[in-house]
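The entries follow the order in which I looked things up.

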Amino acid sequence: MCFIGFYLFLSVFIYTSNGIPDSVRILGLFESENQMEEIAFRYAVDRVNSARHVLPRTRVLGQVERVSLRDSFTASKKVCNFLRYGLVGVFGPSSDTATHIQSLCDAFELPHVETRYDRKRKRYRDDSAVNLYPHPETLSKAYYDLVKSWGWKNVALLYEQGSSLTELQELMKAQDINFHLKELPLEGDVRPLLKEIRKDSISQIVLACSSKRILDILRQANQVGLISTYHSYVLTSLDLQTVDLAEFRDSGVNITGYSIIDPTKSEVANAVSDWVFGELRYGRALDLTEKKLTVSAALIYDAVLLFSKALHDLDRSQDISVRPMNCNSPDQTTYGSALVSYMKLMELDGLTGSIKFDGRGYRTQFSLDIIEYSHTEDFKKIGTWTPSYGTNFTRNYQDVYAQIIEGLQNRTFRVTTILTQPYVMLVPDWEALGLEGNDRFEGFAVELINDISEILKFNYKIHVVEDGNYGSLDANGQWNGMIKELLDQKADVAIGDLSINYDRETAVDFTTPFLNTGISILYKKAQKKPPSLFSFLLPFSVDVWIYMATAYLGVSVLLFILARITPFEWLNPHPCSPNPEELETQFNLLNSLWFAIGSLMQQGCDYLPKITPDEWDSPHPCKESDVLENTFNMQNCTWFTIGSLMQQGSDIAPKAVSLRLVAALWWFFTLIMISSYTANLAAFLTVERMDSPIESAEDLAKQTKIKYGCVGSGSTIAFFRDSKIPTYQRMWSFMESARPSVFNKNTPEGIDRVIKSNGGYAFMTESATIEYQTERNCDLVQIGGNLDSKGYGVALPHGSPFTGAFSSAVLQLLESNKILILKTKWWKEKHGGGRCGKKESKSLSSANELGLANVGGVFVVLLLGLIAASIVGLFEFFWKARKLAGDEVESIKAEMFKELKFALSCSGEDTKPVRKRQRIGDSDSNINRNSVNRSAIWKSNGPNSNNNSNS
């Protein structure tokens, strides 16, 4: 029995001598201002001692020592003092003094637990330190992901003096973000630096400073105008949620950051409750809530729990012998390295989330909450970030849009604009009518902003931009016009014929375009070209007319030759003689020409005109007649003219196959030519032709007589200045060097210059403006198409949260055709719109009405032809009278008088007596007896014919 008792005593002794002592001592070093860390350390020790499953047989003794900031000597001395009593670990401090403490702990292989942001941390560590603070490189990636998710492009980065910016290295290496680095002084006035940011028109700011300075810096930013709806901040402090920003609640500023503490977790609520009630037991009030818990305090709390759990696990595997040590001796702990390794291999769910370390011993695997300052409930969680998946926003678009709409309601926007027809105009006689405020203005853009305000339920006040410019960069890189007012926060919205381009997009935000347009050329409409007297010749070129004349002559000659070769075209000239001694063809050269011209002109009737002496034919060809008949009586003359007017054919028809083939091809040729001529003639005679010296931008660039220019400030001049197209580069060189200047102060001045120049100046502006002007001033016209494609949009300050809401309102108006209705109203109805359009429609409806100037040449040709025919007729008349006078031995004058008297006789007889020629020597009585029947006879009666003088 005694043996058994001795054995049990020995077993207990052996276990006690090899196990962890009944009490272990840990040391917490804290600066005097970090009282919250000290409280967290003490209550963490209480938590370990009260939770018997952590160290069931050991009590942890937490020793707290306060050290001065940057007093490394005193801190090291205090560590040495506690080494004499035996230490198992050192916690803190959170200042750079920890570097010296770490060196001391490394010498004794004493575990050193840190919770500070270590700017000088090595990449790989084989020391006795464990740091629970998130690794700076991982934090750097988190900040980069957040800035990138917001789509920021032009960012001011403010950092504290002396900071290594380790947590921002990933952000600064970004190639797609333009950073402006600004170093903050350690204390004092930072407004000069903030004014530089405002001067650079930067609205997106990353502020890397301690939580203690956040409120002061933001107050100074508010003083210089950097706190507004259009400014956004990302704060790198993980204690952001502990800062009271209530004074900026109504400013509309967007403040975002990260938090490693989730105030909604039960562990956080329980810990805070224990601390508050614990202090009350000692009569000390602790102003602490879940949202006021600092990261350093939470990390100290988690560090003590992690250390205790690792100590418990290590106790199961090896001897933990705690013995006093002296700083002057080379002693080392036997468990230090193993305990640190255990801590780096463990995982713990603490107040700062999941705690675990990577292979290098760094805390790189952690989760952050994305928090945003809300105007209703302080900071609000809007998403999470993890190293594996980056940013993940938990709120949806509807929530964001609802929040923006809520912020818009009853807000009054300052709207800047520029007076340009028909977008914004002053109401005529507005002063006499007593109009004030927005009622002074009218126009397309005025109604548009009013419709948007009705959808989004905000108020607005319109004012005209001071310098009268749209907005462009000057030689010093400074903006003017409406863009400058947005950047200087003198306006909240810019509306008008403000086109969207790259430079402006980098400075401000634009909504969806409400009107598409492009640069075009406004010019004085060319004068109508006077109709040519011979405009009926215009449908064919000179070459075609020459070829047609050649073809006419060639076909006529071919018909003449073929008609003489073929036997089928030789006919009996005396149809009453059954056996004629000779044959004749009707396709002689004259008739062939007549047939060809008859086919080409589509003229003729049922007979063939011949040379004037042959127009008198015998009415009885089978017997000799005493009278001759003229086929050109009144009825036949009327029929001939109507046949010509109706474009009928010739009275001769070929009989031989060869001639018919030629005739068929000629008819086909004339069919095509006459049809083409007729179709083209209608266009030439009915369409009003303008004699315009330019038809496109290329025509402008190739000449120097006509000057051209644009508004001296805006997107149009920027288009030509920055263009890489040779034509536009040549035009820019011309405009830049032209004297006097071809640039105009505004659009109305350019339009007035076009009107007064009388064709000597062309103005380049947006096609929508040109369309408005050409609807009212019929002397103006757009030349060519658009040189580019762009749109008009509503501009808001860069980073404005309301841009999306404005774009949605514009889309709603576009889909409901409200904008189209507004455009029709202000372009075609109001202030004389549509006048030129109606004029043009009327002109098109009467396009077939031809005046004498259009067809006068045809009358001239007809008149000249009639005069020529009359001259030829008179010549034939004179020649015939002379022949008759010689036959009848009378004077030419007497014979002409007789023939003229008969021709002009009112009786209108179609016949006249045949006067047969007498032989020489016939008696006068015989002549007198037959004088009644005198007539010009074209063939002789022969020598054996006798006249009976007694009859």
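Is K381 buried, partly exposed or exposed, and what is its relative accessible area? I looked this up in the model, which is predicted. K381 comes out as partly exposed, at a relative accessible area of 41%.

Next I checked its partner. K381 forms a salt bridge with D369, at 3.4 Å from N to O. I placed both residues: K381 sits in strand β14 (residues 378–386) and D369 in strand β13 (residues 368–374), so the pair links distant parts of the chain, twelve residues apart. D369 is buried, with 10% relative accessibility.

I then ran the search over the whole structure, and noted 27 salt bridges.

Another entry is K265 with D349, whose side chains meet in a salt bridge at 3.3 Å, N to O. K265 belongs to the loop between β10 (254–259) and α9 (266–281), while D349 belongs to strand β11 (residues 348–350); the bridge therefore ties together parts 84 residues apart in sequence. I put K265 down as buried because its relative accessible area is 17%, under the 20% cut-off.

Last, I looked at E279 and R284. Their salt bridge has its closest N and O atoms 2.7 Å apart. E279 is buried, at 3% relative accessibility, whereas R284 is partly exposed at 37%. I also asked which residues are linked with E279 and R284 in a network of salt bridges. The entry reads R42, E279 and R284.

Terms used:
Residues numbered from 1 in each chain as written. Predicted model: local features only at pLDDT ≥ 70, side-chain atom pairs only at ≥ 80, totals over all residues. Heavy atoms only, no water. Salt bridge = Lys/Arg side-chain N within 4 Å of Asp/Glu carboxyl O. Helix = DSSP H or I, 4+ residues; strand = E, 2+ residues; numbered from the N terminus. Buried < 20%, exposed > 50% of the residue type's maximum accessible area, 1.4 Å probe, protein only.
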